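Here is a short tour of one protein model. Take a look at the sequence and the 3D view before reading on.

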Amino acid sequence: MQQLPADAASMQAARRRFIEEGTLPAAGASPLSQLIERSWQRCRGQVPGPEPLARSVFASRLEASRKLIDHAQPELEALAEQMAHTRSVLILTDAQGLILEEGGSSEFLRRAQRVALQPGVGWSEDQCGTNAIGTALVERQALEVRGAEHFLDEHHILHCAAAPILCRAARCWACWTSRAAPARCTSMRWRW
């Protein structure tokens, strides 16, 4: 069995204790950020996991987001091209966390489909627990979610960063996110 880095092992231990006992590590001793702790507390009940929308429902949501997609498309294409050889993907969601578009490494896109990280699937905290998309939308700030910080076990293979796209009225329009395999990404940095 592969040895986990110390921070990954301590995150998994903290998550296991939270799931089993409902307690978080003491302040100052936690391997988790306050953002992750708040998210875990919000997700404490049942989290169903990602489910694709029916095609007709997704088509109507895409049409409702057409202006956003059209404005984001040039940036998405440029960034996705840069990420093509990094085993990472770039994702655009709507304000509810529904994945609208994605691009980047074709190898990672295939892997991502195994955990339903694909267009037509919602990644809100209500649906998927702690994850970069859903948590960034709730917290209304850029953040990172690494491996075992994800609420659902099957998402521990991901290392993600996300930033909400806010309009002038401070209403959330959408979210950009980047996903990578943890072994390939020890730190993700956003340049805005």
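This is a predicted model: local features need pLDDT of at least 70, side-chain atom pairs count only at pLDDT 80 or more; totals for chains, interfaces and linings use all residues.

Which residues meet here? From H2 come Leu35, Arg38, Ser39 and Arg42. From H7 come Thr135, Val138 and Glu139. The residues of this contact divide into two nonpolar, two polar and three charged.

## Tryptophan 40

Helix H2 also holds tryptophan 40. Is tryptophan 40 buried or exposed? Its relative accessible area is 0%. Buried means under 20%, so tryptophan 40 is buried.

Beyond its neighbours within four places in sequence, tryptophan 40 is in contact with several residues, including Met11, Phe18, Leu32, Thr130 and Phe151. Glutamate 149 is also one of its contacts. The side chain of tryptophan 40 reaches the backbone oxygen of glutamate 149 at 2.8 Å. Glutamate 125 is 85 residues away from tryptophan 40 along the chain. Yet their C-alpha atoms are separated by 9.4 Å.

Strand E3 covers residues 143–146, and its side chains alternate. Leu143 and Val145 point to one face and are buried.

E3 pairs with strand E4 (residues 159–166). The pairing is antiparallel and runs over four bridges. Leucine 143 stands opposite alanine 162 in E4.

Conventions
Residues are numbered from 1 along each chain as its sequence is written. Side-chain values use heavy atoms; hydrogens and water are left out. Buried means under 20% relative accessible area, exposed over 50%, partly exposed in between (1.4 Å probe, protein chains only). Helices (H or I, at least four residues) and strands (E, at least two) are DSSP runs, numbered from the N terminus. Two strands pair if DSSP finds at least two bridges between them. Contact means heavy atoms within 4.5 Å. Ala, Val, Leu, Ile, Met, Phe, Trp, Tyr, Cys and Pro count as nonpolar, Asp, Glu, Lys and Arg as charged, and the others, Gly among them, as polar. A polar contact is a pair of N or O atoms within 3.5 Å; within protein, one must be able to donate a hydrogen and the other to accept it, and residues adjacent in sequence count only if both atoms are side-chain atoms.
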